[in-house]
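Please examine the sequence and the structure shown below.

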Amino acid sequence: MDINAYLKPLLRWWRLIAVVTLLAVVASAISTLFQPAQYVSRTTLMIGSTILNPNPDSGQISISQQLAIIYADMARREPIQNATMEALGIDWLPAYQTRVVPNAQLIEISVTDTNPQRAQIIADELANQLILQSPAISGGGTETGDRQEFITQQLSSLQGQIQETEKAIEELQSSLIGLNSASQIEKIENDISDLNQKLISLRESYASFLANSQEGALNILSIVEPANLPTNSVGTNKILIIILAGFVGFTLGTGAAYLLEFLDRTIKTTSDVERVFNLPVIGYISEISDEDNNAIVVSTDPNSILAESFRLLRSNIEFFQISNPLKTILITSPNQGNGKTTIASNLALSISQGEQEVILVDADLRRPTVHTVLKMSKEPGLSDVIRNKAEIQSVVRQPKSININVITAGNIPPNITEVVGSKRISSILSRLKDNYELVIVDAPPLIIADSFNLASKVDGVILVMVPGETTLDQAKAIKEQLDRSEARMLGIVFNKITAQTANSYGDYQYQSLYSPKYYGDYLAGSVHHKEEKKSASPSKKIMAFFEHGEVPDDVAMEVEHAITAIKTQPRNLVNKMRKSKRNGKSG
C-alpha cells in the first residue's frame, strides 16, 4: 500500500483544510469566549417522613415515590411558575429542571442562571411554592390549615390525658401494696381496669389524629437540602470546546479534500497517463510567458529551462528512432488551447539545431496558427497543394531569422471537410518524407475527426496535454479512437506546468527534473495569460487559490492597498493632530 496516494490530497488541498479549520476555531471561540458564564443552584425536597420511622412500611415508600413524580411534574407547571414570579416580584424565570432521584422519594430542583445569587433565590422559592401545594401544611387562613391546627390541638390534649391516665394507673397499682381487705382490693382493680380501657381509647384517638398530622402524613414535602450558592460556572471547558471545534473543522476539511480529489477525474500525473494510455510522459514543458514569442523560445533563449525541456523531448524522440525509424510525427491535443502549436514549432526548432532537415506542416486547416506565431503569411500553403493549385516546393518557406522549413495552412476553402479528408494528404506526406529527415505535423485537436485521419497516416503521434484539464473519460475515448485508427502513439507531453501545479499534484518527475533550483533558472509559471485571467470565474479563482495558492491580481492589489493604508493612516492622523495643535497655539 502506497501511503503517498493518501497524503497527496491533503498536500494538494492543505489551504482548504487550513481555512476550514481556522474558521471552525474562530467561530467556536467567538461563540464560547463571549458567552456569559452559567451557574446552577440545586435544592432537594423529600416526600413524607418515612425516613424518621424506625420501621417503615414498603407501601408507604412506594406511595411517596409516586407522589414525588407528581410533585416534580407540578413544579414545571404554570401555577408554580406564576406563584414564584409573584412572590419574588419578577416577570420571568430562568431555565430550571426538576427530576425525581431514582428509587427514592426525593425531588431535585436545578436553576441555571448567569447570576448565582438569583439562581439560589429562585430555587428556594420554587421549593417553597411546591411545599405550599402540600395538604399537610401548618398555618391558618385556609381550610387545610385550620384542620391541621385543630389536629395539633387535639394531639396535645390527648397526649396530656394519656400521661395523666398512665400516672393514675401507676398510683393505683402502688396503693394495692399492703392492703388486706378483699373488697378494697377488688374496688382498686376495677378502677385500674377502667383506666386501662380509657388509656386504650385515648391511644387509639391519638394514633388516628397523628396519622392525619404533619408528623405522620405521607403527602408532605420538606426541604432536606437548601439551595446552594454556586461559586463555579458549569459547562464544558471553553478551551476544550475550541480544540474540539478545530478538530471537527480539520475533519471536515480533510473530508472535503478527499471528496474534491475523488470528483476531480482528470489526468494530472504520470501515473494517470500510464494507467489510461499505457504510455510514458516524454516531455514536461513549463508555462511560457507572454512577454516573448512563445513559438521560438528555443531560438530566442537557448539557455533557459524551457529550451532544455524541448531538447530533452527531442532526445526522447531520437530514442524511439533507434528501434523504429520515424519520418513523420503528428502533434495534437485533446482540446483547443493546450499549446500544441507552441510545442510543434519549438520541437521543430530544437531538431533543426541538431543539424537535421526538418519541416513543420500546419495541418490545422480549421484554425491555423503556425503562420501567426512565426509571423508569416498564410498563403500559399497546404490547402493549395491539396487542391492542386500549387506545388509542394513552392509553398515551403522559412521565417525570418529562423532556420526552419514551414508549410502554412494556405487559403482555407469553403468545403474544408472534403479538403482535409482528401487522399492527397498521404501522397504529400510521402513526398515530404523523401525530401526531409523529419516531418512535424501540427494537427487539429482531437475533438475534430481530421486529427484521427491524419494520425493514421503518420509514423508517430505525440499528444500534448495540460495537467488537470483532460478528464479520464475523454482520455479513454481518445485512446480507443486512436487504437481504431491504428495510430502509433509515442507518448504524452505535459504542457503549461507551473510551480504551483507541480507542488499541488505532487508528481515527483516534473517536480524534480524541472525545478528551478536544479537549473538556476526561473520558472515562468507566475505569469499567466491575460485572457485566461479575464475569463476565470470567481468559483475557479477560489478553487485555484485552495488548490495551487494562486491569488488573483485584483485581490492582491486590494490587500496591498489595505496594508499601505494601515501603515500610512496613523501617520497622517498624527500629522493632522500636530497641525491642529499648532494652529490652536498660533490662534
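The protein chain contains 25 helices and 11 strands; helices (H or I, at least four residues) and strands (E, at least two) are DSSP runs, numbered from the N terminus. This is a predicted model, in which local features need pLDDT of at least 70 and side-chain atom pairs count only at pLDDT 80 or more, while totals for chains, interfaces and linings use all residues. Residues are numbered from 1 along each chain as its sequence is written, and side-chain values use heavy atoms, with hydrogens and water left out.

Of the 587 residues in the protein chain, 41% are buried. Here buried means under 20% relative accessible area, exposed over 50%, and partly exposed in between (1.4 Å probe, protein chains only).

In soluble globular proteins, nonpolar side chains tend to be buried together. A nonpolar core is a set of buried Ala, Val, Leu, Ile, Met, Phe, Trp, Tyr and Cys residues joined through side-chain atoms within 4.5 Å. The largest such core has 47 residues, and F277, L432, I492 and F494 have the most contacts inside it. Apart from it lies another core of 34 residues, including V298, F310, I351 and V464.

Strands β2 (residues 96–100) and β3 (residues 106–113) pair in the antiparallel sense over 5 bridges; two strands pair if DSSP finds at least two bridges between them. Q97 stands opposite S110 in β3. The hairpin of β2 and β3 has 5 residues between the strands, and N103 takes a positive phi near 60° there.

Side chains of opposite charge can pair when their charged atoms come close. The structure holds 16 salt bridges, each being a side-chain nitrogen of Lys or Arg within 4 Å of a carboxyl oxygen of Asp or Glu. One of them joins the side chains of D191 and K187 (3.6 Å, N to O). These two residues are separated by about one helical turn, because they are 4 residues apart in helix α7 (residues 182–211). D191 is partly exposed, with a relative accessible area of 29%, whereas K187 is exposed, at 53%.

Helix α11 (residues 305–323) holds E308 and R311, which are 3 residues apart and therefore separated by about one helical turn. Their side chains also meet in a salt bridge (3.2 Å, N to O). E308 counts as partly exposed, at 33% relative accessibility.
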